[in-house]
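Work through the exercises below with the model open. Each task is followed by its solution.

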Amino acid sequence: GNSVTQMEGPVTLSEEAFLTINCTYTATGYPSLFWYVQYPGEGLQLLLKATKADDKGSNKGFEATYRKETTSFHLEKGSVQVSDSAVYFCALIWTGNQFYFGTGTSLTVIP
Amino acid sequence: EAGVAQSPRYKIIEKRQSVAFWCNPISGHATLYWYQQILGQGPKLLIQFQNNGVVDDSQLPKDRFSAERLKGVDSTLKIQPAKLEDSAVYLCASSPIGGGEKLFFGSGTQLSVL
C-alpha cells in the first residue's frame with residue numbers, strides 16, 4: 001500500500017541554521033509528492049510539491065527533490081527563521097485524489 | 001478569496017454524547033474531504049465527496065460516524081455516540097475539479113471526549 005514515513009521530531013534549531021526533514025515513501029507507480037505546513041492555530045497549507053522524478057519543488061526558501069531511486073523527498077532550507085516554526089507534513093497522492101500524510105515533524109526555531 | 005470555514009473551533013463532550021461539525025468549502029470547489037488528525041499523527045481521510053456524492057468512505061467508522069453534503073456545497077460530519085478515542089482535530093479540506101493535487105484546509109475543529 002501507499003505510505004509516507006517522515007523523521008520524528010521535535011526539531012529545535014537556532015536561527016540561520018540549516019534544516020533537513022527526512023521523508024521517504026512507499027507507493028505503487030509514480031505518485032506526486034508534497035510538503036504541507038501547519039503554523040500555530042492555522043490549517044495545513046501547501047508549501048511545495050513535485051510531480052515526477054528529479055523534479056525540485058521550492059517555496060519560501062524551502063526545497064525538496066523527488067528522488068525515485070531512494071523513494072525520498074527530503075525538505076531542506078539553508079537558513080531558518082523564527083517564523084518557520086511550525087509542523088511540517090510530507091504527503092503523497094496517488095490514484096483517486098487520496099492523500100497519504102506522514103505523522104508530521106514539529107520545528108521550533110529559537111532566536 | 002474566502003478560505004475553508006469550519007465550526008466550531010473547539011468542542012468538549014462526554015463519551016456517548018453526540019457531536020456535529022460543519023464545513024463550508026471554498027466557493028466552486030467540487031471536492032470536499034473530512035480528515036481526522038489524532039495528536040502525534042498525520043491526517044487520516046475519513047470521507048471524500050465529489051459534489052454531493054461519496055467518492056471514498058472506506059475509512060469512516062460507519063457505526064458511529066456519518067457525513068452528508070446534501071446540496072454539494074457545505075457538509076456536516078456527525079459522531080454518535082462519541083468514544084474517548086475520537087478525541088482529535090477534525091479537518092475539512094476542499095479542492096476544485098481537476099485540482100485534486102492541491103488541498104485547501106480549514107483550521108479544524110478540536111474535539112475532546114471526556
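Predicted model: local features only at pLDDT ≥ 70, side-chain atom pairs only at ≥ 80, totals over all residues.

**Exercise 1. Find how many salt bridges join chain B and chain A.**

Step 1. Apply the criterion: a side-chain nitrogen of Lys or Arg within 4 Å of a carboxyl oxygen of Asp or Glu.
Step 2. Count the salt bridges between chain B and chain A: zero.
Step 3. Residues are numbered from 1 along each chain as written, chains are lettered from A in the order written, and side-chain values use heavy atoms, without hydrogens or water.

**Exercise 2. State the extent of the interface between chain B and chain A.**

Step 1. Take contact as heavy atoms within 4.5 Å. Chain B contributes 20 residues and chain A 20 residues.
Step 2. Take buried area as the accessible area (1.4 Å probe) that two parts lose on being put together, summed over both. The two chains bury about 1,500 Å², with 51% of it on carbon and sulfur atoms.

**Exercise 3. Identify the residues of the largest nonpolar core that touch the most other members.**

Step 1. Define the core: buried (under 20% relative accessible area, 1.4 Å probe, protein chains only) Ala, Val, Leu, Ile, Met, Phe, Trp, Tyr and Cys residues joined through side-chain atoms within 4.5 Å.
Step 2. Among its 26 residues, Trp35(A), Leu47(A), Leu48(A), Phe73(A), Leu75(A) and Tyr88(A) touch the most other members.
Step 3. S10(A) gives the most, four residues.
Step 4. Inspect Leu48(A). Beyond neighbours within four places in sequence, its contacts include Trp35(A), Phe73(A) and Leu75(A).

Definitions and conventions
Buried < 20%, exposed > 50% of the residue type's maximum accessible area, 1.4 Å probe, protein only. Helix = DSSP H or I, 4+ residues; strand = E, 2+ residues; numbered from the N terminus.
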